[in-house]
Every structure is written in structure tokens, then in C-alpha cells.
Amino acid sequence: MEEIIDCTRNLDFHHPFTPYHVQQQFMHTVYNVLERGNGQIGILESPTGTGKSLSLICAALTWLRNHKKRTYEISIDDAANSFQDEPDWVVEQLLKRKRAEIADLWEERESNLRNIRAKEARMEERERKRRRYGEDASRKEAKDLDNDEEEEWLLDEERDEDEPKFSGMKKEGTDDGTDDDQVKIYYTSRTHSQLTQFVAELRRPTFPPSVPDEFLKGDEDHEAEAVKHVPLSSRQRLCINPSVARLGLLSAINDRCSELQQSKSKDKCKFVPNANNLSQTHQFRDNVLATLPDIEDLHGLGKTFQVCPYYASRTAIPGAEVITLPYPLLLQRAARDALGIKLDGNIVIIDEAHNIMDAIANVYASEICLKDLVRARLLLEVYVKRFGKKLKGENRVMVGQVARVVDGLRTWMENTLHAKFDQGIVDPNLLLKHKGIDQINLFKLIDYVQNSKLAYKIEGYAAHVESQEETKPAIPFSSTPVLHTLLSFLVSLSNLSSEGRIFYHKRSEKGQQDIKLSYLLLSPSHAFSSIALKARAVILAGGTMSPFDDYTNHLFPDLAPEKITTLSCGHVIPASNLCVWTLSSCQPKTKADRREFEFSFQKRSDKALIHELGLAVLNICTAVPDGVVVFFPSYGYLDEVVRVWSEADGTKPAPTIWEKLQNKKTVFSEVKGSSSDELLEQYSKAILGDEPSASATTTQQQAARTRGGGALLLSVVGGKMSEGINFSDRLGRCVVIVGLPYPNINSPDWKARIEYIESTTLAKLTTGDDKDKKAALPRPRAEAVAAAKQAARDFYENACMRAVNQSIGRAIRHRDDYAAIVLVDRRFGTDRIRRKLPGWIQGGLVGDSENGGLGQMMSRLSGFFRGKQ
């Protein structure tokens, strides 16, 4: 690490504040990964509250501006070499002219963008009001369709391309045609709110011009060059056509948007960029590049210039430096192609990357239920009854094939309802043999359904019929987009590989038996390789990336170790602001009758163990002021613990553990499927408000007033409270982790994952294809089998530890924050588990705490919080 810092020690990262040491370390590492390029990967961990996003921005944009300067300088050097046969004075004049051309072009573009920003500043207040009130302007409902207008739902005999043509769009405006070749930064995060926060951070720093100083006119004062940023999103968030946006569902909006661009469409969308609104499209593009907009701003600009922001934003991509987009738009190759995103030679930064492997699996996942197929068949019958005689040629054949697919899948699922097991892995060959599905060209059928907008037309017509009927049908036609769901599942079915599996799972809903088919991608490496192999460099950044092994072994399994840089930063808090205790037992190790905490699936239902856990939590609530958050392995176990704590001891009339906890703090418990916002609001009010939560009992309210506030929140690792929730300051003075939340290894999906990792690892080791050894020889069979099983166990354990680390990260959110972390399970005291905790947590561990007991922990916690008063 010191070598990296030495190489870039004199760099000014243009951080708007004085950066902490860990921020300097982080920025130097990011810069070095980008500078080395050539497919470099950076896996970087910086705890929440250390200014990770701002550090990413400063390092990446400093590198980008320096890279642009070097590119201009190299172009001058190349020109000088091409003129080497000319006299020196001629060469000097030619190079001077070329430098002036570069500077003039840059100045013209920057001047234009400055003028736009000045105009925006003058109109800002009016624009905000217009967006605020214009956003909710009434969107007229579609009028009832008469018989003639029903032709909208009829399948066309010929289909046009549904993408708008952008010919001529680059011939005018500020682009000089060279921006396409400039390196760009593609930044992605999990949610739109996280992207909006990133844009707010992007507005903080200022960076020098991307043109070398010697190219610019010395007698002029050149201000900082603003960052050029384009946010990308789906039609669902950007559509400004009221008749399309009101459809709500993404699939329906996509299909209707494409439908309105067909040459035969009666009501073409007037907002799509074309030759008639070329001027507005260029104005939109230039305003985007001038104003650093977020998604809401982009939508507002589209309404202001009356041009579609979804399509028009693509015209701004060539001139952009930073392009932000949510996970699905980056991770899916089809989405990247649709948006015109080219990753070749560019930078990819993935924030909140601790869940990147799950995100890739989710992007490619699909599922369909038996009840969906029943509804799909009903929709087809309604549609064919009305339009069957008008369907000709390919349309008639393809609609018939869709019906066969629905019937075949339905037959298999109905038969499987009577199977012995409730869940399992599906053989795709058996799934496809019913009704002759295996004789259908699924690729051709999928292409037809997508291009003809069959799903939109059938579901749209069914919704229209439903709206016309006075009495609602028993099964609502438009309750779910079942044909779009079917299409997604067929796409998965047609792309089966060794990396994917299909599962079935029986379930009961409102007393009705149902069965679900789901497709799961077992390995993300192939899906992600299209990004990693094209980009100049990829940065995976997150607050809790530990343990790193999963990313190197399963996301980049074939990448040489020298291509990967890892970093785990410390926290910005002083060491005295963190106390981490491993509670292995209520009794110290010297006690002969010591009962150890081990919340494994086999042992955790022991009532004596649960009672001792209650005693530990009760003592923690005594020592810790304000908020205490306890994370359990699952919702089921949380319910079991609360039930045991609420049971009275039959031999004594003493209060239960649950009642004692309520007398210490106002107690809240997370319920599966409930609103996290409402629970968090009640919890926060109980701690920060003058009065305890209104939902608390009279006894709780009286106790809360007596003790001056404080609350206990019982939550679940992997639940809504374990990610994205900010328990800073008084809301999270102590986080307690109960047990290790291992996934259910007996579930079909985890069985398939383990089997896949074992088989692929074994194949590599027995063939000598080991990336960690340049000249690896095949290992003996027995040794390879043992290593493959260990690799699968590590993957299984790492999934557990990532969830634990994410929950721990809810505390300590800024430099002046302080908290205690209590890890309740003897296994947290083993070196194997400790090595998988974040570095800053390992640094805060109290030495030998796993051998102490409850008394020693209470003494340590009491002293820790007394020192903070």
C-alpha cells in the first residue's frame, strides 16, 4: 500500500475537504487501479461514514482529467513526429496552430455550457415550481374504445423497428465528434436513491480543465471545468407521455412505447427524438451536460423541452464524463446494447458491491406460478375469441405455439403438485416434453413475442374488456402481467447452461395449492465477464466487502492474482470510539459448569440457552444508553426467542425476561413483510423524542419516562433493518449479533450451488487449471476432492459472513460516532470466522474477550460508555 501512495504522493485529488488518512489511502488505490488499466480489478472496502463516494469521485475524476491531458499531449507529440521532415519553424507553427485548435474547441464548448448554466440559475426557482406542480398534473384517462378502435390490440402483419432513428443528431451542437473516443466513467449502484445521493456528492468538488495549461491562452483566467454527467434510467422513471406513463408497469410501458413508434401507429409519440424536434433534442443534450442533473432533473428537462428524456439522454452520452445508471441497466448485455452503452476501454465503478453477485443472479432470475399460467390461458382465450378470425399466417401459428407452451408447463406443474417432495430441482428435458414444447423453436417464439408486442396487446385488450364490463370477472384479467412473466421465464428456459438451474417449490396461498417454477443463475462469472473483459478497469467498492475470497474465486475465477487489487480501509473514528466483545458464554472460561453460546440450527432451540441469551441482552440494556439493536439469524428464530422470553417460570411469580426488558427499554420487534419506515420512526421517537412511542404500553411509557428514554430493537440479519438503515449516534449505541446466520444448506438452490462449486473446482484442480499457480500440475484426486469441498464450504460460510458484516455496519456512521459491538456465539472467537470480519472490526476486538463472561463484558461496557458521558 505504501508503494502505491509513494507513486501518487504528490497528486492533488481536489477533495473539497481535508481528507482523512483512510480517504487518502482509498483515493491513491483507486487512482493506481485506473492508471494501470488493461483489465485491472479493484475490490475496495471503506466503512460507511468514511466518505467513500466522495473519495471515489475525487480519485476517478482526477485520473480522468489527467488522462485527457496526456491524450492531448500525445496527439501533439504524434503530430510533431509526422512533421519531422519539415523545417523547425514550420513544425512549431503547425503545432502551435493545433494546440490553439484544441484550446479553442474546448473553450467554445465550455463557454456554451457556462451560458446554459447561467440561464438555468436565473430560471431555477421557476423551473422548480414548474416541475413540482407540473409533475402531478392530471393525466387524462384513456377514453373507452369503440369497436373500430379495438384495432389497436390486433397483431400487425408486418412489424417495424421500434427504436427511434438518431441520424443527423451529431451534426449540430457542441460535440466535435471526438468525444466518442474519450474514456468515460460508468458508475452504478443498487437503488435510484443511492444514485441521487451520488449525484449530490458529485456536485461538491471542482476539477481543473481537461486541456493542458500550456494549450490555453495565458492572458485569460480559466475557471474550473464542470463535470459532465448523464443519468440513465428506465422508461418507467423517464417517460413524459401521460398516456404511456399511466400504465405503471415497466413491461407495459416498454411495449406501449415501442408500439407508438411503429410506422402504422395512429398515435405516434410526439416526444421521441426525430428530425422535427432536432433543435429541442440538442437543447436537452446541452442542458444535461451543463447542469449535472439527477433522474428527477432529467425528467424535468424532458418536460421543459418536450422531448423524451429516455431516448434523448443517449445523445448526451458522447460528451459525458460520468454516466450513472442502476444495476440492471449495466449488468444486462441487452440493456447496455439498447442504451448504446459501450464499455470498451472505459471505467466501471460498482458501488454497494457487497451484493453484486446476488444482484447479477437477480437480474437473470425468473419465475412463474401455476396460477399465472391459468390466468395466461384465460387471457389467450379472451383474445382469440375476439381476434382469432383476423389472425393470419405467422400470427396464427405463433399465438397457437404460445398456447401450447402454456398448456405444456401447466400440465407438468399440475402433475408435480402430487409429487412427494415440496421442492426440488427440475430436469428441463422432462419439463419441455409435455404438449410437444421441445418441438417448438423457443428462440424464434421469444423473438416473435418481443417484436410483435404480443404480451402487451393481449393483456391490454383484456384490461380493456374488464373495464367495459359492469360485473368484474372472477379472475381479474389485468391483475398481473402474466404474459410478460411467461416471456421472462421462456428467455431463461432457452438459455440454460451449466451455470443455471430450474427449481420447483410448492406453496399454499389463501387455502389454494400452488406451485412455482424458478430459474437461478448459480455462478455470476460468465455473466460478468462481458463487463470485466471489455472495461479498462473495474472498481468494486462497498462498506462491507469482507470476506474478499468470493469475489476473486467466483466473480473473477480466471483472472491472474496480479490483475486484482484489494484494500480494506480502517475507520475514521479513533480507536477509543469502538468496543467489540465476543461473548462466548455468560460464565468465564475458568468456570467448570460453563455453558457456551452456540446458535447452530441443532442447538439454538435449547430453552436454557435462550434464557441465558435473555440475561445477556438484559444486562447489555442496563449498561448501554439509548438504542440497542439485536440481530437474529432468522424471523422464525426471533419469534421463538420472544416466545420463550415471554414464558413465566412456573416455580416463581417473578417477572418474565420479556417484562424485564420492557422495564429497561421500549422494545420493538421486526415483523417479516412489515413496513420498516414505520418501525424505524417509532424506534427513533422512543430514543430521541420527549415522549416514548405512542404504540408502547402504559407500563412501557411510564418506565421510559423514568429512565429518560432508550429502546431495544429486535431485528433479523438480512432483513430490512440490516441494510441501508442508518443507526447513527443515539439510535445505535450497541449492535448485538446473535449466532451465525448460515443459509439453509438443505434447500434445493443451496444444494445446487454447493454441487456446482464442488464440480467446477474439482475440474480445475484435476486438469491443472489453477490461476494461482502459473505452471500448476493436476492434483491427486483425493487432494482435489478435499480442496473442492473446502471451496464450497468457504463460499457457504462467506455468504453468512457478508450478511453479518452488513448488519454490523449499521453502527458507527461518522467520525464522532461511537458504539459497542457484541458478537454472541462461541464461533466468533475462532480465527476462521474472525478473519472474515472487516478490518476495522478486527482492530476493535477486545483481546481474549471470548474467554471472559458476562461480568467482564459488563465491566468493559460500563467503562466504555462512562468515558463517553
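Which residues do ring pairs link into a cluster?

Modeller: This is a predicted model, so what follows describes computed coordinates. The cluster consists of F597, F599, F632, Y637 and W645, which are linked by ring pairs. One member also has a charged neighbour: R604 lies over the face of Y637, and the distance to the ring centre is 5.0 Å.

Y311 has a relative accessible area of 0% and is buried. Y310 has 9% relative accessibility and also counts as buried, because the limit is under 20%.

Another pair joins F387 and Y461. Their ring centres lie 5.0 Å apart with the planes at 70°, so this pair too is edge-to-face. Here the two residues come from distant parts of the chain: F387 is in helix α15 (residues 370–387) and Y461 is in helix α19 (residues 454–468), 74 residues apart. Both F387 and Y461 are buried. In general, a pair of aromatic rings is described by two values, the distance of the centres and the angle of the planes.

Now for the surroundings. The protein has 869 residues, and 54% of them count as buried. The exposed surface comes to about 40100 Å², with 49% of it supplied by carbon and sulfur atoms. Among contacts in the protein with a separation of 6 or more, 80% are between residues 24 or more positions apart. The secondary structure comprises 32 helices and 17 strands.

Some of those strands form an open sheet of seven, in the order β3-β4-β2-β5-β10-β1-β11, with parallel pairing. Its edge strands, each pairing on one side only, are β3 (229–231) and β11 (564–568). On average, neighbouring strands in this sheet are turned by 15° against each other, direction ignored. Within it, β5 (residues 347–350) pairs with β10 (residues 537–542) in the parallel sense over four bridges. V348 stands opposite V538 in β10.

A further open sheet has four strands in the order β6-β9-β8-β7, and its pairing is antiparallel. The edges of this sheet are β6 (366–369) and β7 (423–426), each of which pairs on one side only. The twist from one strand to the next averages 25°. Strand β6 is joined by four bridges to β9 (residues 512–521), and the two run antiparallel. The bridge partner of S366 in β9 is Y519. Helix α14 (residues 356–364) lies across β6 and β9, running at about 120° to β9.

Strand β12 (residues 578–583) is another covered element, with six of its six residues buried. Both of its faces are covered: L578, V580 and T582 are buried on one side, and C579, W581 and L583 are buried on the other. β12 pairs with strand β17 (residues 819–824) in the parallel sense over six bridges. In β17, I821 is the bridge partner of V580.

Two helices complete the picture. In helix α21 (residues 525–532), six of the eight residues are buried, so this helix is largely enclosed by the rest of the structure. F528 is one of those buried residues, and the others are S525, A527, S530, I531 and A532. Helix α26 (residues 676–688) contains S676. With a relative accessible area of 16%, S676 is buried. Apart from its neighbours within four places in sequence, S676 is in contact with K720 and M721.

To return to the request: the cluster is made of F597, F599, F632, Y637 and W645, and R604 lies over the face of Y637.

Methods:
Residues numbered from 1 in each chain as written. Predicted model: local features only at pLDDT ≥ 70, side-chain atom pairs only at ≥ 80, totals over all residues. Heavy atoms only, no water. Buried < 20%, exposed > 50% of the residue type's maximum accessible area, 1.4 Å probe, protein only. Phe/Tyr/Trp six-rings, centres within 6.5 Å; stacked < 30°, edge-to-face > 60°. Lys NZ or Arg CZ within 6 Å of the ring centre and 35° of its normal. Pairing = 2+ DSSP bridges. Axes fitted to C-alpha atoms, helices over the stretch in contact; angles between N-to-C directions. Contact = heavy atoms within 4.5 Å. Areas by Shrake-Rupley, 256 points an atom, 1.4 Å probe, with all protein chains shown as cover.
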